[in-house]
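Welcome! Have a look at it below, and then we can walk through some of its features together.

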Amino acid sequence: MVDINIWVCQIKNIILFQKAAFAKFPDLRNFALANVASVDTRKSLEKTLWSFKKKLNFICNKTIVFQEKLILIATYLNLVPPPETEMEYKWCRLDETFLRELLISRHERRASQLEALNEMPLYPTEDIIWDENVVPTAYFSGEGCLALPKLNLQFLTLHDYLLRNFNLFRLESTYEIRQDIEDAVSRLCPWKAEDTSVYWGGWARMAQPIINFAVVEVAKPNIGEKRPSRVRADVTVNLAVRPEIKNEWENLRKHDVCFLITVKPSNPIGTKYNYKEPFIPQVGLHCIRGCEVEGMLDSNGRVIEDGPEPRPVLPGDQRTYRVWLDCNQYRNDMNNTNQGKEDVYEGFNILMRRKPKENNFKAVLETIRELMNTECVVPEWLHDIILGYGDPSAAHYTKMPNQIPTVDFNDTFINMDHLRSCFPEYEVKVKTNDPKKLVRPFTLTFEDLSKEDEEEAKKIIIVEPHVIPRRGPYLFNEPKKVMEAIKSGMQPGLTLVVGPPGTGKTDVAVQIISNIYHNFPNQRTLIVTHSNQALNQLFDKIVALDIDERHLLRLGHGEEALETEKDFSRYGRVNYVLAKRLDLLMEVEKLQRSIKVEGDVAYTCETAGHFYLYQILSRWEHFLSIVKPKNGKHVSINLISDEFPFHQFFENAPQPLFKGQSFEEDLEVAESCFRYIDHIFKELEEFRAFELLRSGLDRSKYLLVKEAKIIAMTCTHAALKRKELVEIGFKYDNILMEESAQILEIETFIPLLLQNPQDGFNRLKRWIMIGDHHQLPPVIKNMAFQKYSNMEQSFICNLYKWRYKNLGNLKHVENWSEYQLANPGFAYDFQLVDVQDFNGVGESEPSPYFYQNLAEAEYCVAVFMFMRLLGYAANKITILTTYNGQKHLIRDVINTRCANNPLIGRPHKVTTVDKYQGQQNDYILLSLVRTRAVGHLRDVRRLVVAMSRARLGLYIFARVSLFKNCFELTPAFEQLTSRPTKLHLVLNELYPPIRYNNQRPSMKPMIVEDMTHMANYVYKYYIERVKQLKQFYDTFLSISEFVTIMFSVVANRKKWEKPGDVEIHSHEGFVSSHPGEDRDTDSEDEDASNQLPIPIQDEPVEDRAMEVLAIPTQTADHIETEVSQPLEGEVSQPIEGEVSQPMESNDSQIHDEEMEEQNEEGMGDTGEAENDE
């Protein structure tokens, strides 16, 4: 029951009690006549019964009388059996204590679940964060039951659905916050000084000691509430840190969440923090409270507002932030303080921030709570599906009542053959037999959608080609072209687009958006994705469509990563509209001069509208009356050119404007010219509101609510801004979700409700979900929430069950030349390379879940260097691994071997498989790391992602004997092990490729025995390339130029060290068990500026240069002969000692953050490009 039903039942019970008291018990007359609201609480009921007892005792002076009265009342209300049936119900208690509690609990007002939710603090405190009974440990075995709600069930109501998601999301966020706090506070290393103050033995990037904290405002409660309406405080910290870290702190945005922490350490100065011991006793953690940033204060004590204007430069290192505290939590704390407990707001000494992409929990929780407090209306065709009832296919367009039989598919089809192949089950009929007219665009009418009776409906498509009216005489007026599409997405209802990687799901999404835009110009489409990267990839393709720029809008932070010079943010679009308005008014002024009209008609959009109505339209109607007389009289072809009133305006168009060859053709040119003019004034009419609205904020809101037709945002932004969007009246008709398999259920649900219902109905017409549920799911870091509560499932997984069957190559993979050519230097386009232990060591685990494999890391880097020496572009090579520890190890090996070498540089990216989903590159080097157990690669979804990132070449380095025996991986590894498991290299080949895949190499491939063999060969090959370069530069360059170019090459020869001889760093700190999470403080976002390889001087592209640089056959043979045997000397000697402990991550205590900063600056350590807020 909802709250109102519970309230009605409770009132009925009290009224029955009052009626009984009025009729049978005169001593309760005051209670019987009292207002219901005054006697419905436990306190008032206890007071009533206590007064009743005192009155009876005063009259009768017997306690037994009160008990008898209570029995009579309870019997009259049918709460206990009557006295005559006492022998039948001997188990029923009739003592005074029981009867009093029975009457009170029966009639007291029930605590509303919603009220309790509204009074709940959203920030976790120290009592919740480390309570294993509330937030289970990450080490969940899967055995036994937990006191947690579950998803993937049927739900009673939308309220029940939201409540379960609220509780789970809150607990998962608490688990992540606990990890962040432990990591940041342990890095600060708080010690107890001799004067009992706190001495900081370390430093942390994400936390700073607080200099001063003060609550500056406690606003009065709103009517009907007990908590303060607003609590604000000022926090001062000293940012005496490096400029880049200081800049991160100064760029804290409004609504960013931080945590105020109190520590009272007991350990003396010099005590080393032990990560294996409990956290709280070591640091003396005492209190944690959350807060929300309002802004940084300027020198005058005013909040610096976010906006397009640059921020003021503040002197010194001290910065003060104005923050909002949780009003519910503040009320609870003050109540505790009034009862004699400590005031927690007097001892805060640490301010901790979190990474923006992980810090959206409060906005999501507020949004869920707000949805539970409002009337949640979803479309009728979606309601039962969301609650888990019925058949998901019931929302398919074929079962919807409002099907659209005739749809313009625009440029979806290449030709009629393409159209017929797309609908093999339909009979295709055309309205014209002229082959010249059977060209796209096509309008299709599906007869089976127009018939109400399914038996009468026939699968017939009537195709009608049509010509898009010209929009003007200029070349830029021609429409743009794209290819793919899907029929279902254009029909109302639910559409799922599911497919393996690389099958064009994004292109399908783009074509659906284009077709909806052109078929339903008054409808608005919302695009939602999981990450900024996916959103930008989709939006970049949409920008290339035949869609008016003014109708495109990209919300959120991440718009700067778009591969376009245009600004599609809210303020960017406002500036575009204002600039476009000025350009159009200049066109109006030009038009005015061309027809010789006096006056300032191009002053505003309003004056331009009057000019169009009284001057332009009249001239055009006069022109039509001449060239199209009502009597149907034939007119001369030259009359069109002679009477056309806008010759001078179109003098810069391709000439001649009218060719005089065909009356119809010239008339179409004249009409296209008027369409061009008409479009100018229609745009100005739409821009008129921007003249009336003066502030940038009002203009941006108008743009969002009225002007934009295609709005793109991440699911995080949707959760953050839902309240704002609803308040300004945001409306949309269609929603398209890309990467839907990576979006949490609740983050899928929230975008459906970004608008208020109209007349009790949701106006949503289409919901298109695009994704692949056989790739990686949403990242849930706590195993209990992930497996027990089914929180990692996405909505698309519940709706669709599908397996990859009979996958083959797409036609373009078989036909395009780049797929037909072999990879230079390699015998195979993909190969599984067996990597054995190096010096007796395979995988290592210096910290829990921090897996590393030095042999695979060295092997991957050696192959990368080999490819670079052959001429492969660095930005076409990516190194992937399945564990964060191995990622850091590979980066350190690259730093040691080749990072600063101008002939090699760095690969495009070195990252984990989980963070590379949705991306691809031409060549992938993949390290699987494990040698003892398969690990989380046993999840086939992770294997699918790992094996599908490469376009042209995939080389996997792994322990073959381990993975080929894993049952879940059998299909993939059977295909991989069908080829040799030792790397086969083809010598004397250079990039770009020349040899075809089906063509045998000109010489026998060299078989690489192991990692040491490969490393030694690459070293010798490098020396030969340097010699060849020297010969070339001696021939073509002056000595000064040669010295300049070769200096860095020679200087970096020190980087060539023995295999496995890498500087080792200790690793301390939190290591996540989830491969999709990286707790290192180096950047989690893909930063293009950091990721691009160091610019290098490429080899000359002239033919003569290629001839000089090519190593002769005998030279390569000589190198192979040398390295085919174990090399003597320092290179081939086993490395004692240091290799037995594989290299670990650069984040040890004290100097760890310094090392991470070096990684950021030099290597660009990255994670996935995630949610912007």
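Predicted model: local features only at pLDDT ≥ 70, side-chain atom pairs only at ≥ 80, totals over all residues.

## A parallel sheet

Strand β22 (residues 877-881) and strand β24 (residues 921-927) run parallel and are joined by 5 bridges.

Now widen the view. The open sheet is formed by 5 strands with parallel pairing, in the order β19-β25-β24-β22-β23. At its edges are β19 (830-834) and β23 (909-912), each pairing on one side only. From one strand to the next, the twist averages 20°. Helix α30 (residues 884-897) packs on the sheet, where it touches β22, β23 and β24, and its direction makes about 165° with that of β23.

## Two helix pairs

Next, find helix α16 (residues 505-519) and helix α17 (residues 532-543), whose axes come within 10 Å and cross at roughly 45°. The two helices α16 and α17 are therefore oblique to each other, and the crossing is right-handed. On the α16 side, T506, D507, A509, V510 and I513 meet L538, K541 and I542 of α17. Sorted by class, this contact has 5 nonpolar, 1 polar and 2 charged residues.

A second pair is helix α18 (residues 570-594) with helix α19 (residues 605-627): they pack at an angle of about 35°, and their axes are 11 Å apart. Here the crossing is left-handed. From α18, the residues R581, L585, V588, L591 and Q592 meet C605, A608, F611 and I616 in α19. By class, the contact of α18 with α19 has 7 nonpolar, 1 polar and 1 charged residues.

Most residues other than glycine have a negative phi, and most peptide bonds are trans. With that in mind, a few places are worth a visit.

Q655 and P656 are joined by a cis peptide bond, with omega about 0°; P656 is in the loop between α20 (638-643) and α21 (663-692). Another cis peptide bond joins Y991 and P992, with omega about 5°, and P992 lies in the loop between β26 (984-985) and β27 (1006-1007).

N839, found in the loop between β19 and β20 (843-844), is partly exposed, with a relative accessible area of 34%.

Terms used: Residues numbered from 1 in each chain as written. Heavy atoms only, no water. Axes fitted to C-alpha atoms, helices over the stretch in contact; angles between N-to-C directions. Helix = DSSP H or I, 4+ residues; strand = E, 2+ residues; numbered from the N terminus. Parallel < 35°, antiparallel > 145°, perpendicular 65-115°, else oblique. Left-handed = near helix turned anticlockwise from the far one by under 90°. Contact = heavy atoms within 4.5 Å. Nonpolar A, V, L, I, M, F, W, Y, C, P; charged D, E, K, R; others polar. Pairing = 2+ DSSP bridges. Buried < 20%, exposed > 50% of the residue type's maximum accessible area, 1.4 Å probe, protein only.
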